[in-house]
Structures are given as structure tokens and as C-alpha cells.
Amino acid sequence: MRVFLNPGHSLGGNPDPGCVNPRCRLRECDLAITYGSLCGKYLEAAGCEVSLLQSHNLAGESPEYPCVVAAANAWEADVFVSIHVNAGGGRGAETYCYNLGGKGERLAHCIQNQLVAAIQPIDQGYRDRGVMEHPTFCVLRNTNMPAVLVEVGFIDSDDVGVLTLHGDEIARALARGITDYWQDM
Ligand SMILES: [Zn+2]
């Protein structure tokens, strides 16, 4: 299986760090590349081919950076997973697919289920916010393969504990979700 991982926002945070915790300065871009890199190592250990790209050009809008969607399509990935962290003070994980009823939804459920199963025992306040469709996210709309965008938790809530201390569990759960999807095919 060829897995394309897209940690959200700009590599190194410039020009777009994603969401930032106003008190501790924790940045989404740094968490996303941490989870993505670790997840990629676990997937490779499980026999997957992995391509990882964090870039400030999702679908051609910033041509001075490598284009995420074009790279995933050209590489002919079997699945595409964009990794993000939420803001707004909620708790827990939510995963988006382009539309409900297809392979993208199945991939989303596999990832969402593994994430919740891994993190809720560590922190009971971590919620299962479910799988939703989001047809206007360009990384979901413009990719040719089943694609999901996972919001691992909230950078500005009590999720910060698991986001910072349990990144390895998060990365392992993401990898297990992806391999679950493949084994179900
Ligand atoms: Zn984001």
C-alpha cells in the first residue's frame, strides 16, 4: 500500500503555522509533522510505502512551494491522510472524508476508531466527535484516491496533555487505522 501523509500547514510554520495555543505557543504545524513522521515510520515497518509532504501549497495556490495534491496524484497513492489539530476549545478527534458512503468514509472510520480507542483510556475527556463529510476541503476534493483529513485534538483545550505527551500513541493509532482499512479491502 502506498500511503501519502500530509501534515497540515507550513513546514517550519512559515508562513502558516496553523492554529497556535495562545498561552504555551504550541503550534499545529509542529504537532502535525511530529505525528506524521512517526506514523510514516510505523507504516514503513508494517510494509507500506510512505510519502510525506507538509507544504504551503495544497492545490496549486502557492506555486513557489511543492503542491500536495499534485504530488499525491502523481505518486499514485492508494490512500491520502492529512493530519491536523483543531482549535476552538472542544475535546477529542474528528475525521473528514470527501463524501459519506465510499472508501474515504471507510478509511475515516478506521482512523477515527483507532484514535479514540488509543486515547480515551489515557484521558476520558477525549471525545469521539465522529466522521463527517467535507466536500469543500481541497485536499479531499482534488485527490484521486480515498482521502481523509483527521483533526487529532484541540490545541486550546485539555487535549493539550495527550497532544504533547502522547504523540507516539497518536501516531501509532493513525498507522493502525490506515492498515486496518487496507486489511478490510
Ligand atoms: Zn489545520
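Student: Is His84 buried or exposed?
Tutor: This is a predicted model. Buried means under 20% relative accessible area. The relative accessible area of His84 is 11%, so His84 counts as buried.

Student: Is His9 buried or partly exposed?
Tutor: The cut-off for buried is under 20% relative accessible area. His9 has 21% relative accessibility, so His9 is partly exposed.

Student: Which residues other than its sequence neighbours is Val152 in contact with?
Tutor: Val152 is among the residues that touch the most other members of the largest nonpolar core, a set of 40 residues. Neighbours within four places in sequence are left aside. The contacts are Tyr35, Ile83, His84, Val85, Gly92, Ala93, Leu115, Tyr126, Leu163 and Ile170.

Student: What distance separates the end C-alpha atoms of helix α6?
Tutor: Helix α6 has 18 residues, 167-184. At 1.5 Å a residue, α6 should span 26 Å. The end C-alpha atoms agree with that, at 26 Å apart.

Student: What covers the buried residues of α6?
Tutor: Those buried residues include Ile170, Leu174 and Ile178. Leu174 and Ile178 also touch the most other members of the largest nonpolar core, along with residues such as Tyr35 and Val81. The cover includes β1, α1, β3, α3, β6 and α5.

Note on methods: Residues are numbered from 1 along each chain as its sequence is written. This is a predicted model: local features need pLDDT of at least 70, side-chain atom pairs count only at pLDDT 80 or more; totals for chains, interfaces and linings use all residues. Side-chain values use heavy atoms; hydrogens and water are left out. Helices (H or I, at least four residues) and strands (E, at least two) are DSSP runs, numbered from the N terminus. The expected span of a helix is 1.5 Å times one less than its number of residues. Buried means under 20% relative accessible area, exposed over 50%, partly exposed in between (1.4 Å probe, protein chains only). Contact means heavy atoms within 4.5 Å. A nonpolar core is a set of buried Ala, Val, Leu, Ile, Met, Phe, Trp, Tyr and Cys residues joined through side-chain atoms within 4.5 Å.
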